[in-house]
Amino acid sequence: MSSFVFPKDFLWGGALAANQAEGAYLEDGKGLSLVDLLPTGEKRRSIMQGNVPSLTPLEGEFYPSHEAIDFYHRYREDIALFAEMGFKALRVSIAWARIFPTGEDTAPNEAGLQFYDDLFDELLKHGIQPVVTLAHFDVPVNLIDKYGSWRSRKLVALFETYAKTVFARYKDKVKYWMTFNEINMLLHLPFIGAGLVFQEGENVKQIQYQAAHHQLVASALAVKACHEIIPDAKIGCMLAAGSFYPYTCNPEDVYQGMEKDRESYFFIDVQSRGEYPGYAKRFFKDHGLSIEMEPDDVDILKHHTVDYIGFSYYSSRTTSTDPEVVKNMTSGNVFGSVSNPYLDKSDWGWTIDPKGFRITANQLHDRYQKPLFVVENGFGANDVVSPEGEVNDDYRIDYLKRHIAEMGEALQDGVEIIGYTSWGPIDIVSASSGEMKKRYGYIYVDRDNEGNGSLNRIKKKSFHWYKNVIHSDGENL
Ligand code: BG6
C-alpha cells in the first residue's frame, strides 16, 4: 500500500456520546434519559430490543450510564489529553434531557445549557472543532412514558424546539451537526434507537416505520432550522454503515444483499435525496404497512436534505439464502450477519474487514454524491494493564492502521471525506453490552463492569501511535 498524505484540513479526532461518557445522570436538573433505564447483562439486551423496562431505575440493579466515566466532571482533563494527541475535532452528543428534562418543559434548563457552553469553550480553546449529534440513543424518559416515544407525532415538534434551542445557543461555537445517531438502529435495537417498547401482539414493523417517519421529518426540520440559524454550519445524517456481501454469486443471495442494504439506505435516501424511494413504497405495500403523514411532510423532506453523510463503520456484513449457511451467524452482530469465512472477528464476534471500509465509503459516495464524514470506527477489546501500569494495545493499532489505510485509498478513489473521528478515544460504556471492559480508547479508564475503580486515566500505546498519525497527516501509520 502506497503511503498517502491526508489533506491538511482533514478533521482527525474521536467520537463519544453523552449517554456513554457523561454520567452525572440527575445532576444540575437533568431528567432521566432512556439509557438510564438500561442495566447490564441479559436484561439490557431484552429491553434494547423493545421489551418494556421499568421506567424508574430499580434498587439493586447496576446502571452503567449513571456515572459512566464521569466525563461531566472530568472533561477538562480528558480534552487536554485529546489535544495532546493533536485532535482537530471531537464528536460529542447533547443529552436532550439536560436541556429539556421532561422533553416538554416550557423553558430550557439553564444549567444544562451552561454545561455544553463550557464544554465547547474548552474544546475551542484547544483548537478542537465540536461535532455535535442532537440525539445519540437519547430520549427523555417522560416522553417514552407519556407518548410512547417516537411512535407519537408529538415528538416531532418537541425535537424541533430542542434543536432550535441548541442551534440558537451554540451558533457561534458549533459548525458541524448531526441529527440522529445511527438512525437505522431503530429497526434493530428499537429501544436504544428510538425509545420504542412493544406490547404483546402489536405490529412491530408498522410502529417502527411510523416512528422512522417521525424521526425523518424531525431530522428535516432540524436541517431547516440549522440552515436558518447557523448559515455557515453543516448538518448531516448518521448511518450505521457496513455493506452487505452476498455469500455466493447465486442471484438469490445477491438480491437479498441488495435488499438488506436498502433496509439501511432507506433512511439516508430520504434524508439525502429528499423522498421515499420506490422500493420502500413497495415494501410498505407488500407488508400491509400504512404510514400516516401530514400534508406538508413531502415538502419538508424534499427541501431540507442533509449537507453530508456521517456514518459509523465497524465491519461489513454477509447474507445468504441457504439455510445451511444461515446456521452460522456471527455471535456479536447487531445487524445479523452470517460468518464470512475470509475474515477474522473480535472477541465480541464483530467481523474485521478493513477493505470493506473502502467498499462502503465508495458505495455511499457513489449513491449520494455528498461529502462523507467517518464519525465512528474502532476496535472493542478487553485491555489489560501490565504490572508496570502500561496498556500495550497492538491489536487496536493494527485494526486502526488497516482501516485508516483503506480510508486513504477511498480518498484516492475520489471519495470526499471531511474527517475521521474514531469511536471512544477514551474508554466509555459499551452501548450494546453496557460493559466497561469492551474498550475502544487511546486512554484507559480505571473502572470495571461492576462500577469499581478509581476512574484514573492512563495513556495506552495507541495514544502515542494516533498522535503520530495525526501529526504526520496520516502518512505514518
Ligand atoms: C455504535 C454506536 O453503534 O457503535 C455507539 O453509535 C457504540 O454508541 C458503538 O458505542 C460501539 O458499540 P459497542 O456496543 O461496542 O459500544
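This short talk walks through a predicted protein model, from its overall build to a few individual residues.

Before I start, a word on conventions: residues are numbered from 1 along each chain as its sequence is written. Since this is a predicted model, local features need pLDDT of at least 70 and side-chain atom pairs count only at pLDDT 80 or more, while totals for chains, interfaces and linings use all residues.

Let me begin with the whole protein. There are 16 helices and 12 strands, where helices (H or I, at least four residues) and strands (E, at least two) are DSSP runs, numbered from the N terminus. The C-alpha trace spans about 60 × 55 × 50 Å along its principal axes. For 477 residues a compact globule would have a radius of gyration near 23 Å, and the 21 Å of this protein agrees with that; the radius is taken over C-alpha atoms, and the globule rule is 2.2 Å times the number of residues to the power 0.38. Of the 477 residues, 52% count as buried, which here means that 20 or more other C-beta atoms lie within 10 Å of the residue's own, with exposed standing for 12 or fewer, partly exposed for anything in between, and C-beta atoms placed from the backbone.

If we leave aside neighbours within four places in sequence, Ile 94 is in contact with Ala 18, Ile 99, Tyr 116, Val 132, Leu 134 and Val 166, where contact means C-beta atoms, placed from the backbone, within 7 Å.

Strand E5, residues 234-241, is mostly covered, as 7 of its 8 residues are buried. E5 runs parallel to E4, joined by 3 bridges, and also parallel to strand E7, residues 308-313, joined by 6 bridges; strands pair if DSSP finds at least two bridges between them.

Most residues other than glycine have a negative phi. Glu 182 lies in the loop between strand E4 (176-180) and helix H8 (190-194), and is buried, with 27 other C-beta atoms within 10 Å. Phe 137 also has a positive phi, near 50°, and is found in the loop between strand E3 (129-135) and helix H6 (141-147).

Is Glu 390, finally, buried or partly exposed? Glu 390 counts as partly exposed, because 14 C-beta neighbours lie inside 10 Å, and its place is in the loop between strand E9 (372-376) and helix H15 (394-412).

Technical notes: Two residues are in contact if their C-beta atoms, placed from the backbone, lie within 7 Å.
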